[in-house]
Every structure is written in structure tokens, then in C-alpha cells.
Amino acid sequence: GFQALDCEGIKAYVAARPQLAKHVGSPDSSGSWQVREIGDGNINFVYVLEGPAGALCVKQALPYVRAAGESWPLTQDRVRIEAAVLAEEAAHCPQHVPALYHFDARMCIIAMQYLPPPHGIVRKGLIEGRMYPLLATHLARFLADTLFHTSLLAMPSDKFSANVARFSNVEMCRVSEQLIFTDPFFPAPRNRHTSPQLDADVATLHADVAARLAASRLKVKFTQQRQALIHADLHTGSIMATEHTTFVIDPEFAFYGPMGFDVGKILANLLLMYFACDGHATEADPRTQQREWLLSAVAELWASFQRRFCKLWRQHGAKGDACSASLFDTASKEGSAAQQLAEQLFMAELWRDTVGFLGIVMLRRLVTFAHVADMDSIADADARAACERRALHFARHVLANAAGVSSVQQLCDLAQAAWQD
Ligand code: SR1
Ligand code: MG
């Protein structure tokens, strides 16, 4: 049966499996291996093993939420999902996904490629003031490649339906439905906001009919729309990067859902950091450059994603082996114009979803369970409250008025105006 392992247990587990041990060293050398638990997320325990031959990352899912303890049970099937999704993502975008070496359903363990320093969690890097020149381009590529290739645009409907069933992740989705779409509008038991200065703002949110209506529309979309295999937790804590490389990790929430949720979630997290920048400013580094870079990353990510996705659509359509992808023969002038129209309509709807999702995702990180360190780590309480309030008002505005935010430039202008408030 299942057994929760500690550092020594993980070492013995790996040493007993030659195919895993080879990444670290010979089992005989296991006495000299270093093992440490490095998980800083809300859900799992993550270990790094280092030995004479190299290093390995091992993740174990316990039957509860790490950040809440045993009072909050959580399906361990999330490990199966994570293993299957890592493999699926790697089939479409291997350069941005860590290699999966091992999956053990009984012990709820996966082992994967260790990403050595200077790789680090992007959220931490951003809080320290780092910028990642290739992050937006890489994430756009990851999103376009994984979302396009797992959608109906790229495969026939029988294969698509089988995928939807294979990646069913009902219990993890219910966590997101509750925390993201419902709890922001009620004094839910697990809710908290860090700064008491926000008491009145939170009370206003609980009575905000327009924001709640927008959130319920998005909740329906999140629950019903089977558009592509989405990562579903694509925040800056789910990304490891250097200046040159980017890896997306932790797809345990993945399922067939709306593409806009992935795009919106990552944009939301870049914008949360944008609003947090002032709270981390020092005389030596006023964070002006980082703030500007974050907005340019938001704009670049969307533009680059759109380009890449439409390019894949055209390339795939030209092969003529899919269903909706081959609606138009782009070799002809008429077909090409029709395809362009199809792309515009598709992207207009996706953009509206993206804006709404980014609004609700920002809100929940400020007022429900599981915050972001970008805000929570701001030491000065008044500075933190000011950052949080600007983010909250911006998020509420774009959530309730998503249809009126017609371009990524307008989104960035709104963010800048909210920051200047
Ligand atoms: C109980 S889970 C809370 C949050 O942690 C994960 O990283 C997801 O973002 C989830 O919403
Ligand atoms: Mg995670």
C-alpha cells in the first residue's frame, strides 16, 4: 500500500530502483547522496537527490493539501494526471517541459529531470528583482503548442473525446471552482486577506453583483468547455527559468478546459507582480525597470502566442488531416481570407475569456486561501496594502468589464492607470 516517505525513505526508494538511481549514482554510493525536501507549493512534497552521477527530482503526493494539513483531504490521482500531462506536453513542446523518468501509482511518486541552478522558481526570482528576457516568448510557445495540439483543431473527434476522458480531473477542478470562482464573493471559512486595511474593499467585493455575475459566467465556462488540455495552474510558481531557458512544471490540476484559463492565469500572475513591485522597491532598485518589463512581457506573451497558434493552425490545416483545422484550403485566395476570419473570431473570443479569467485569478490570490508571496512578502504593511488595493481594483474592473478590454495594449494601459492611482 501507500506509504508517506521522508528524506531517508526517498533515498532508499530511489536506491532500490536502478533506472532511477543511475541519475544520482550507483546504489552502493547511496550513503553519500544528499537529499533535501524543497517543496514550497501548497500541495505536495518535493525532494532533490544529489550524488556522484548527478541529481534527480522526486515528488510525492500525500492524501491531503500540504498547506492545510490532514483536515483537507485531496485525491492522490493527481500524480497520475501530472505524469500523463508531462508526457503529453513533452510530445508537443519538449523544450519547455522537464523529462519524466518514473511514475509509481501505488506510492503516488513521480521522478523527473532536476533543473540545476541557475534555474529557479520564477516567482522567487521576480520577488528578488530578476527579469527573464525570453520568458514571454517561451511561455507563448508552450501555450500555443500544447493548447493547439491537444484541441479539436489538431485531431479528429474520436481521439479528442478519448483525451477528454483520459484527463478527467474532477476533484482537482472542484478545488479550483471553489477557491477561484466562488470563495472571493463570500466570507468562506478558509478565506483571508493579509492586510486589515482591505476590510472595506473585501466587504464591497462580497456585495458586488457585476463581479459575481462575471465570475459565475467564467465558472460555467471553466467547468463545461472542453477546448484543450490546459495546465490549469500556470502561475509563476509553476515555472522554473533562467535567462535562457524556461520549464513549466506541476500540471497536477490539468484537464480539458478553456484555453483562456491558462493564458489568463499566467498574465494575472505577471500583473500581480507588476502591482507588487512598489512594495519591493528600494533606493538602490526602485523596480521601475522591472515594472516596465512585466508589462512588456504581458504584451509580448499574448502577441507571440497569437502568432504561433495561428501559424500552427494554418500549417495543420494545410495537411488536411484534421476536422475543423481543414475547413479552409489556405492555398486559395478565398480560403486564406476565410481562414484569417476564422482566426480573428477565435482569438477575439479567447481574448475575452483571457481577460475575465485573469481578473478572477488576481482577485482570488488577494482574498481567498493560497496567496502569492509577491504581495505577502512585502514587509511594510501600508505599502503592501496599497499594492494589494491597486491590484484588487484593477482585477475587479477587468473581471466585470472583460468585453470592453479590446486589446492587450488596452489591458496594459489599464494596469498602468491603476498603478498610478
Ligand atoms: C488547495 S490548493 C491552493 C492552490 O495551490 C495551487 O498551487 C493552486 O494554485 C491552488 O489554487
Ligand atoms: Mg503547484
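Predicted model: local features only at pLDDT ≥ 70, side-chain atom pairs only at ≥ 80, totals over all residues.
Trainee: Is arginine 314 buried, partly exposed or exposed?
Mentor: Burial needs a relative accessible area under 20%, and exposure one over 50%. Arginine 314 has 26% relative accessibility, so the class is partly exposed.

Trainee: Which residues does arginine 314 touch, leaving out those up to four places away in sequence?
Mentor: Contact means heavy atoms within 4.5 Å. By that rule the partners of arginine 314 are Thr330, Ser336, Gln339, Gln340 and Glu343.

Trainee: How many disulfides are there in the whole structure?
Mentor: A disulfide needs two cysteine sulfur atoms within 2.5 Å. The sulfur of cysteine 387 is 8.5 Å from its closest cysteine sulfur, in cysteine 277, so that pair is too far for a bond. The search of the whole structure finds zero.

Trainee: Where is the cysteine sulfur nearest to that of cysteine 173?
Mentor: Cysteine 173 is buried, at 7% relative accessible area. Cysteine 173 is in no disulfide. The nearest cysteine sulfur is 19 Å away, in cysteine 108.

Trainee: How many salt bridges link domain 1 and domain 2?
Mentor: Domain 1 covers 7-113 and domain 2 covers 120-420. Arginine 166 forms a salt bridge with glutamate 88, with the closest N and O atoms 3.4 Å apart. The count between the two domains is four.

Trainee: Which element gives the largest share of the side of domain 1 that touches domain 2?
Mentor: β5 (69-73) and α3 (78-92) each supply at least two residues of that side. The largest share is 10 residues, from α3.

Terms used:
Residues numbered from 1 in each chain as written. Chains lettered and ligands numbered in written order. Heavy atoms only, no water. Buried < 20%, exposed > 50% of the residue type's maximum accessible area, 1.4 Å probe, protein only. Domains from an automatic or database assignment. Salt bridge = Lys/Arg side-chain N within 4 Å of Asp/Glu carboxyl O. Helix = DSSP H or I, 4+ residues; strand = E, 2+ residues; numbered from the N terminus.
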